[in-house]
Amino acid sequence: MTKRLRLVIAGGGTGGHVQPAIAVYQRLCASTSVDAFWLGSHSGMEQSAANRSGIVFAAIQTGKFRRYLSLRTPIDLARIPVGIAQAFRALQRFQPDVVLSTGGFVSVPTIIAARLLHIPSLTHEQTATVGLATRINTRFASVIALSFEQSRSQLSTRRARVIVTGNPIRSSLFDGSGAAALQTFGLSPDLPLVYVTGGALGAHAINEAVRNALRDLLAISQVVHQCGAASGNGDFPRLLDARAHLPVERQNRYIVRERIGDELPDLYAAASLVVGRAGAGTVAELAALGKPSILIPLPGTGGDEQTVNARVLAEAGGAILLPQSELSPTRLVTEIQGLLESDRLAEMGEAALTCGQRDADERLAKEILELAHIPCP
């Protein structure tokens with residue numbers, strides 16, 4: 001019998017770090033027996049994701065590596081050795097065959113501890129801009145897996161082997177039904193559907209632009225809008241109020257939700273166009289599914305990583321890159337209307353596909369099994 005894979009997952013903080021780990025874990029479970037243990041942060045979303053997947057979870061201390069002066073820097077620096085010690089003890093107890101890191105600063109102590117214990121490890125970078133945590137991990141990891149070939153030139157490593165796998169997405173996203181989405185949301189097959197998303201937390205700037213453009217947008221399309229939790233940005237009640245002030249026939253064309261869950265595969269299948277941020281997960285999904293998009297990167301991220309992500313699709317012809325500084329209700333309507341009334345959407349979808357890797361989860365699972373010396377099925 002093939003031995004069970006003992007896997008430690010390290011990483012988290014945001015959905016962009018969590019979802020790839022879940023996708024790879026599910027792929028591994030489909031091909032072999034897996035005992036998994038997740039080391040994450042105290043405040044990220046990875047604990048709930050681990051619990052939903054039946055993975056044992058433990059939190060460790062972590063510190064943010066800042067490239068600027070901050071009063072919190074001494075505190076965070078003191079947490080790093082504590083986190084390494086906690087990860088070291090956890091790895092000693094669990095005795096994993098391999099460690100999978102999907103990024104975030106919480107991954108660094110575990111990758112260092114794995115190196116000290118001579119446990120092979122793989123770090124996956126989701127964004128086109130290689131983050132500082134991944135750069136640190138290159139000194140200790142066995143393999144660095146990138147989502148984009150363009151990122152390879154940013155790394156200089158003599159220890160880790162560098163490969164390009166793409167960014168894994170949930171396999172369920174490939175099984176969506178557009179007809180099911182229209183039925184779920186009570187929409188018509190006779191109007192194009194625009195899916196607007198600001199990511200898991202929502203995006204206030206996008207929400208406001210949509211709110212002020214609703215009448216014009218709903219004259220040419222139907223809109224499903226994922227706006228983020230009201231507790232996070234306060235936009236959901238305002239959007240509901242804006243919907244209530246629309247003519248009744250227009251209200252039925254606008255669906256606003258704080259969160260999109262299991263409906264996402266169907267919604268992607270039904271959408272003619274996606275408008276959203278350019279987080280690594282969103283870009284990976286759009287590319288793998290071949291969905292045309294208007295991407296509005298979150299400004300101010302480290303290395304302006306969302307703009308770099310968006311540029312990958314835009315330069316291939318699969319997306320329009322709209323900087324937030326240029327976003328307005330009028331500009332948003334103009335861009336959406338221009339695409340919906342043209343014949344570019346199909347071409348953009350095909351172009352987006354050229355940037356995607358539909359089998360990224362399989363590629364990463366294969367690398368992990370090889371590191372663990374378990375035959376690939």
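Colleague: With contact meaning heavy atoms within 4.5 Å, which strands does helix α13 lie across?

Modeller: In this predicted model, α13 (residues 305-316) lies across β12 (293-295) and β13, running at about 140° to β13. Helices (H or I, at least four residues) and strands (E, at least two) are DSSP runs numbered from the N terminus. Axes are lines fitted to C-alpha atoms, for helices over the stretch in contact, with angles from 0 to 180 degrees between N-to-C directions.

Colleague: What is the strand order in that open sheet?

Modeller: The six strands run β10-β9-β8-β11-β12-β13, with parallel pairing. Two strands pair if DSSP finds at least two bridges between them. The edges are β10 (254-257) and β13 (319-321), and the twist averages 15° from one strand to the next.

Colleague: How many bridges join β9 and β10?

Modeller: Four, with β9 covering residues 222-226. H225 has V256 in β10 as its bridge partner.

Colleague: Changing topic, which helix gives the most to the lining of the second largest pocket?

Modeller: That is α16 (360-371), with five residues. The lining comprises R27, S31, E362, R363, A365, K366, L369, C376 and P377. On a 1 Å grid over the protein atoms alone, a pocket is an open set of points where a 1.4 Å probe fits, with protein on both sides within 12 Å along at least five of seven lines; lining residues have an atom within 4 Å of a point.

Colleague: What conventions apply?

Modeller: Residues are numbered from 1 along each chain as its sequence is written, and side-chain values use heavy atoms, leaving out hydrogens and water. Local features need pLDDT of at least 70 and side-chain atom pairs 80 or more, while totals for chains, interfaces and linings use all residues.

Technical notes: Contact means heavy atoms within 4.5 Å.
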